[in-house]
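Open the model in your viewer and keep the sequence panel beside it. This tour tells you what to select next and what is there.

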Amino acid sequence: MNESNNPSAIRSKKEICEALLRLMEQHPYEEITVKQIVLEAGLVRKTFYRNFTSKDDVMDSILEAMIIEYSTELVTTRVKSPLEVIIGFVKANEHVVMLLDKNDMMHLVLKKLNDRIPGRHDELVAMGLVPEEIFGNLDVTYILPFNIGAMWNVICAWVRNGMKDDPEELVKTLRQYIIRLGRRAEKFSLLSGTIVEREKAAEDEG
């Protein structure tokens, strides 16, 4: 995508992006052509190629804008949990997300999240907003993809169900599950410690 702060270019990009989404309501993404997008937007091909290289470039622009919006709120919010932020983000972009799901394109958002979130995590660490008791000295190279993948699968299930379930109830259910996992892990840790102590005591007696 051609980056430009020119008001005319910004307006044209917006019109092109909106045109693609309108076409996706009527046609499969794979069948949509640049010619259709141009006609739907009421522009000329020259304007299209001045701003984008292809149909996929337009879609990438739409997704990039969404992810920037989400990741920015993730960093700046002080009143919402990460769960509330991502559920709210998906609900706010319900129209686009439903179109992506219909066209089997949800994986594109996952890729964007995997590309963007690690950098935002580093920002949160620098700002002192990452709880030490959660990450500590753990290697986030694998923890972040684990969290992102698990959460996005939840989102995909919610979307496939038509997003009928109440967002607040979804957040509540996930939060309760995470708390239960934590309690289970704590019990397992205590049990493991007790077993180790017994084995050590048995060795000492032997």
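Where is the place of Glu123? Select Glu123 and you land in helix H7. This is a predicted model, in which local features need pLDDT of at least 70, side-chain atom pairs count only at pLDDT 80 or more, and totals for chains, interfaces and linings use all residues. Residues are numbered from 1 along each chain as its sequence is written, and side-chain values use heavy atoms, with hydrogens and water left out.

**The whole chain**

Zoom out and colour by secondary structure. The chain has 10 helices and zero strands. Helices (H or I, at least four residues) and strands (E, at least two) are DSSP runs, numbered from the N terminus. Of the 206 residues, 34% are buried. Buried means under 20% relative accessible area, exposed means over 50%, and partly exposed lies in between (1.4 Å probe, protein chains only).

Now consider contacts, meaning heavy atoms within 4.5 Å. Among those between residues at least 6 apart in sequence, 66% join residues at least 24 apart.

Next, colour by pLDDT, the predictor's confidence in each residue, from 0 to 100. The chain averages 86, and 86% of the residues score at least 70. Among the elements, helix H2 (residues 34-41) has the highest mean pLDDT, 97. H8 has the lowest, 70. Where pLDDT is low, the predicted coordinates should not be read in detail.

**Along helix H7**

Go back to Glu123. This residue is partly exposed, with a relative accessible area of 34%. Glu123 and Val75 are 48 residues apart in sequence, yet their C-alpha atoms are 7.5 Å apart in space.

Stay in helix H7 and select Lys112. Is Lys112 buried or exposed? Lys112 counts as buried, because its relative accessibility is 14%. Show its surroundings. Leaving aside neighbours within four places in sequence, Lys112 is in contact with Asp60, Leu63, Glu64 and Ile67.

**Across to helix H4**

Select Ser71, in helix H4. Ser71 counts as buried because its relative accessibility is 0%. What does the side chain of Ser71 reach? It reaches the backbone oxygen of Ile68, at 3.3 Å. Beyond its neighbours within four places in sequence, Ser71 is in contact with Arg116, Ile117 and Arg120.

**Back to helix H1**

Move to Leu23, in helix H1 (residues 7-26). At 5% relative accessibility, Leu23 is buried. Not counting residues up to four places away in sequence, Leu23 touches Ile32, Gln36, Ile37 and Glu40. Leu23 and Thr33 are 10 residues apart in sequence and 9.7 Å apart in space, C-alpha to C-alpha.

**Two loop residues**

Select Asp104, in the loop between helix H6 (94-102) and H7. Asp104 is not a glycine, but its phi is positive, about 55°. Asp104 is exposed, with a relative accessible area of 64%.

Then jump to Met163, in the loop between H9 and H10. Met163 also has a positive phi, near 55°, in a residue other than glycine. Met163 is buried, with a relative accessible area of 4%.

**The largest pocket**

Finish with a surface view. A pocket is defined on a 1 Å grid over the protein atoms alone: an open set of points where a 1.4 Å probe fits, with protein on both sides within 12 Å along at least five of seven lines; lining residues have an atom within 4 Å of a point. The largest pocket holds about 1400 Å³ of space. Of the 37 residues that line it, the closest to its centre are Pro82, Leu83, Phe135, Asn147 and Ile178. A volume here is the space filled by probe spheres set on the points, with grid points joined across faces, edges and corners.

Which helix gives the largest share of the lining? H9 does, with eight residues. Colour the lining by residue type: 28 are nonpolar, five polar and four charged. Ala, Val, Leu, Ile, Met, Phe, Trp, Tyr, Cys and Pro count as nonpolar, Asp, Glu, Lys and Arg as charged, and the others, Gly among them, as polar.

Conventions. Polar contact = N/O pair within 3.5 Å; in protein donor to acceptor, adjacent residues only side chain to side chain.
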